[in-house]
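Subject: Structure for your files

Hello,

Here is the structure we spoke about. My notes follow below it.

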Amino acid sequence: MTMRHFNPTRRQLLTMIGQVAGAAAMYQAMTSMGFAGESGYAGPPNLQGPRTGRRVLILGAGIAGMAAAYEMQRAGYDVKILEYQDRTGGRCLTLRGGDRYTEMGGHEITCDFQGDGYLNAGPWRLPVHHRAVFDYCRRLGVALHPFIIKNNRAFLHSPNAFGGQPQRIGDVEKDMRGHVSELLAKALNQGGLDQAVTLEDREKLLEGLKGWGVLNGDYTYRASDATGGVRGWDIPPGGGLMPEASPSQPTDLSALLQSGLWGQLFGFNSYSFEPPMFEPAGGMDAITDAFAREVEDVVQLNARVIRIAQGDDSVTVTYEDGGRGGTVREETADWCICTIPLSVLAQLEVDCSDAMRKAIAAVPYASAFKVGLEFRRRFWEEDDGILGGVSYTDLPLVQIAYPNYGFLSEGPAVLQAAYDTATGGRSFTYSWSSMTPQERIDAALALGRQIHPQYDAEFLSGTSWVWHRVDWSLGCYGQWTDDLRDIHYRRLCEIDNRLVLAGEHCSHIPAWLEGSLLSALDAIKRLDQRENA
Amino acid sequence: MTLKLLYSVAAICLLATNAPAQEATPPAQDTGPRLTRFSEDPDRFTQTDGEALYRTTCQACHMEDAKGAMGAGAHPPLAGNPKMRSKHFLAGVILTGYHGMPRFGHMMSDEQVASVTNYVRSNFGHDYPDTMTAAEVAGLRPPEDSD
């Protein structure tokens with residue numbers, strides 16, 4: 001006799017769960033099967049806590065260090081954080097009027113913004129699938145508002161296309177969709193796709209292309225009342241006796257293809273930049289400030305770690321109290337969680353396995369910079385109708401981001417006027433990093449006025465940030481490659497006797513707050529398991 | 001006028017780079033200036049002169065005077081650094097990166113790597129007589145870099 005096994009597909013199984021136990025249970029099941037799971041975050045870490053008093057020394061008061069301290073303290077561990085800077089937050093950093101910072105090399109960055117505008121030097125927008133960040137914002141009471149990642153009114157620009165005139169994102173996108181739909185309809189109608197598409201599907205596809213690309217009855221993409229309703233108007237519908245509406249004219253396919261602007265749209269396809277995105281009201285440091293409020297009693301600022309020594313049952317960290325050249329002191333603990341960026345850690349004396357030491361030294365740190373400019377008025381809103389969002393250009397400034405707060409208000413406002421990272425693969429970020437703060441502002445103005453000529457009349461002051469000139473990070477984020485990960489990642493993240501590393505560099509989401517948080521949560525879970533093994 | 005001052009003047013001088021010869025049709029309006037520090041090609045550095053390459057790459061961390069800088073961590077000095085004795089070491093580091101330093105091999109040609117290597121080794125108090133050739137750089141290049 002053979003037993004007949006019912007081997008349901010995942011969809012059958014979920015349908016069964018849904019019918020029997022309801023939608024909530026089905027969602028839970030989906031999550032555990034990895035369907036609806038959006039990051040590795042599975043809720044607060046639920047630590048068991050130590051069986052007897054245990055001391056944990058955390059190096060670095062960025063989001064990883066503070067999250068580790070917050071959760072371990074709640075679980076009953078005795079924690080202390082040593083932080084090099086005179087502030088908490090690490091690379092989650094917001095520049096506001098009155099801020100001063102002396103870069104490596106001695107140049108002073110000034111920020112003299114007069115209004116409430118700010119520049120987020122590091123992270124500046126949150127994807128909704130970064131579930132850990134959102135959960136901590138909820139738990140710690142950080143108010144979020146929408147971050148407009150895609151504004152169809154914002155610009156795509158190339159100095160070599162359309163006479164240097166910026167084009168609206170929505171126009172380029174809709175025209176490309178219209179032209180491609182027209183071409184595909186043509187190919188279908190000429191039988192060019194008979195091998196690939198059945199007769200029934202052909203009719204459905206043609207019908208769909210007509211709607212999707214806003215094609216006319218003859219399957220062409222031409223200005224019509226229908227395109228007006230999708231692409232907009234040269235003369236918009238008005239009131240009373242105002243002139244008759246007239247649709248805007250699509251741009252020719254060839255001109256669009258040659259402009260390269262189509263390619264600037266591809267960034268919007270990225271899962272990381274899927275709308276809606278969010279940001280904390282008042283600056284990204286609201287998140288790390290919220291953590292700091294929870295752990296401030298255990299943070300010691302101005303402590304420069306110089307050595308991590310391990311014994312069998314303890315770890316001793318030597319630091320200079322007051323920064324480089326300060327009084328040398330020691331702290332001993334049962335465990336050490338080190339969130340110091342690898343670029344800096346590679347220069348310290350660390351007792352650890354050979355494999356971990358090699359991993360620490362193996363990861364290059366990526367180049368990244370930003371320039372913020374304050375203007376007398378919101379000309380991008382008043383003159384160009386751009387409320388929030390980001391414009392993209394082939395110019396070395398790469399992108400201009402408009403504030404997603406204070407819409408239509410009077411008085412000064414701040415643009416994130418230039419930004420790029422090494423991830424983009426462009427050479428520009430190194431060139432910006434080699435400039436003095438004044439040269440960066442001059443460059444952002446000289447380049448940006450090609451997109452917004454109002455720069456000249458409205459400029460008030462500027463500030464900037466170059467991550468390679470920050471002595472506590474020596475770069476922006478761990479620039480992993482697949483090859484480096486294959487060799488080093490596991491050994492970097494494993495507990496080494498009494499030491500474990502955490503931070504964005506110990507994650508598969510480098511440079512994002514979520515990566516730092518997940519790394520910290522995973523590290524403390526493993527420590528807690530080791531403690532209770 | 002010192003070289004440094006001269007350079008900073010040059011850096012804020014704006015040069016029109018859209019030479020009409022490169023355009024099929026001249027743009028309707030002046031597409032404006034680019035700062036000389038930036039490369040013409042976003043994917044690669046386009047400067048060929050060793051000093052210009054130094055100013056737009058190495059200088060970000062090793063600074064105008066090649067003395068590096070120090071804080072929590074340090075960017076090591078190139079000036080007076082005995083490791084500069086080996087042209088192969090320096091060119092290799094530029095090609096492949098070193099510890100926290102990113103690689104530049106994929107953004108510079110053999111000629112460019114040779115040129116910036118020679119610039120560093122004959123300035124900042126250095127006067128090494130042996131120079132690097134593009135062919136020697138090609139020999140140091142890891143296989144995946146050659147394109």
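Two strands are taken as paired if DSSP finds at least two bridges between them; strands (E, at least two residues) and helices (H or I, at least four) are DSSP runs numbered from the N terminus. This is a predicted model, in which local features need pLDDT of at least 70 and side-chain atom pairs count only at pLDDT 80 or more, while totals for chains, interfaces and linings use all residues. Residues are numbered from 1 along each chain as its sequence is written, chains are lettered from A in the order written, and side-chain values use heavy atoms, without hydrogens or water.

Sheet in chain A. Three strands form an open antiparallel sheet in the order S7-S13-S8. S7 (126–127) and S8 (144–147) are at the edges with a single partner strand each, so one side of each lacks a neighbour in the sheet. Four bridges link S8(A) to S13 (277–280) of chain A, where A:Phe278 is the bridge partner of A:Pro146.

Interface. Chains A and B bury about 3500 Å² between them, 58% of it on carbon and sulfur atoms; buried area is the accessible area (1.4 Å probe) lost on being put together, summed over both parts. The contact (heavy atoms within 4.5 Å) takes 43 residues from chain A and 42 from chain B. The rule finds one salt bridge across the interface, taken as a side-chain nitrogen of Lys or Arg within 4 Å of a carboxyl oxygen of Asp or Glu. B:Arg37 forms a salt bridge with A:Glu439, with the closest N and O atoms 3.3 Å apart. Helices H14 (428–433) and H15 (437–448) of chain A are the elements giving two or more residues to the side of chain A that touches chain B.

Regards

Definitions and conventions: Buried area = accessible area lost by both parts, 1.4 Å probe.
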